[in-house]
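Trainee: I've got a structure open and I'd like to learn how to read it. Could you walk me through it?

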Amino acid sequence: MKDKMIRAIDETGTIRAHVAVTKEVVEEARRLHNTSKTATAALGRALTAGLLLRNNLKNEKDSLTLNIIGSGDLGRIVVTGKNDDYIKGYVDNLTADVLIRESDGKLDVGRLVGPEGRLSVVMDLGLKEPYVGQVPLHNGEIAEDVAHYLLQSEQIHSAVGLGVLIDTDMTVSEAGGFIIQLMPDVEESTIEKLERNLKDMKSVTDLLSTVDSVEEFLEKLLPDFKMEIIEDKPVYFKCECSKEKVEDALSSLAPSEIKEMIDEDGGAEVTCHFCNKVYNFDLGELEHVYDLSQARFKDEE
Ligand code: ZN
C-alpha cells in the first residue's frame, strides 16, 4: 500500500475527512533517526498529524510546523513541511523509551511524551505574521492533543485517530491516521450517524492491516457515508537541506562565534536535525562563512 493522503467531503458538505497512509514516511523517519520503538510511534503519529493538519494551507509555499513539548523523556517533537508532498520531523531524545503499557499491551506514547506540556502549530501563510495556535497537552497521546487543539484554536469539532505499528525487527509495519471534522451547520442526524461509525471503529492500525489503499481506509472509517474525494496526493519524508542552506544558517551566527570555530577547531561539523546528514566545513570554507557573517552584520548595523 503506497503512502498517500486524501481529502473527502460527504454529500451534505458538513463532514470533512482527511485520511493518510504513512508507513513509508514513518519508516524513513525511523531509518534516518534510528529511534526507539515508542519514539518511532510518537514521531510517526506527529508526522501523520502534521500532514493531516496542512489542510488549511492554500499556496505551495505556505508551511506548517507542529511542535509538541511534553514533560516526558522524549523531549520535543518537531514536524514541519510546506504545502507539497513532503514532510520531515525529529524528536529530541531518539533513544528514550518506556515499557509497554500493561493495561492494553500497547506502546505507551502518552507516557513518553507527556502527560504535561503543550502543543503548538505555526502556520506561515505568506502574510506578515505567521499564525500561531497553542494548547496544553491533553494526554500526550497526540491524537487527542490534536483534537483538543482543533477545538480550542480553530473551534472545529474533530475526531482524530493516529496509529503506528512497529514490527519485532523495529521497522514500521503500519502507519496512518485521520481527522474527521464537523462543519458548524451539521445536522443532528449526521452527527448521530458519525458517532455510530466511530463507536464501532477498530484501532487505526487494526483498520490499516485490513485495507489495500487509503481510499478503502476511508470507506472503512465511514461506512455509512458517501464520501467524495476532492484531493489526493502522495506523501514522502524528505529533508531538503543542502550545504548551501547550512552555510547560510552558519553565516547568521556572530562573526566572533565563527572566528572561535576557526581558531579552536579549524573547521566545523554540522548535523541536520531533520535527517541526520553531516556537513563538514574545512578551514577555507569556514573562512568564507566568516566573511559572509561579517558582511551580514555590517548590513544590519
Ligand atoms: Zn536535512
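**Reading a sheet and a metal site**

Mentor: A8, for instance, has A17 in β2 as its bridge partner. This is a predicted model, where local features need pLDDT of at least 70, side-chain atom pairs count only at pLDDT 80 or more, and totals for chains, interfaces and linings use all residues. Residues are numbered from 1 along each chain as its sequence is written, and side-chain values use heavy atoms, leaving out hydrogens and water.

Trainee: In what order do the strands of the open sheet come?

Mentor: In general, strands of a sheet pair through backbone hydrogen bonds, either parallel or antiparallel. Here the order is β8-β9-β2-β1-β10, with antiparallel pairing. β8 (157-166) and β10 (227-234) each have a single partner strand, so one side of each lacks a neighbour in the sheet. Strands here are DSSP runs of E, at least two residues, numbered from the N terminus, and two of them pair if DSSP finds at least two bridges between them.

Trainee: Which residues are the protein donors of the zinc ion?

Mentor: Donors are N, O and S atoms within 2.8 Å of the metal (3.2 Å for Na, K and Ca); water isn't among the atoms, so sites may look incomplete. Here they are the SG atoms of C239, C241, C272 and C275, 2.2 to 2.3 Å from the zinc ion. Their sequence spacing is C-x1-C-x30-C-x2-C. C241 sits in the loop between β11 (236-237) and α8 (243-250), and C275 in the loop between β12 (268-271) and β13 (278-281), so this pair ties together parts 34 residues apart in sequence.

Note on methods
Helix = DSSP H or I, 4+ residues; strand = E, 2+ residues; numbered from the N terminus.
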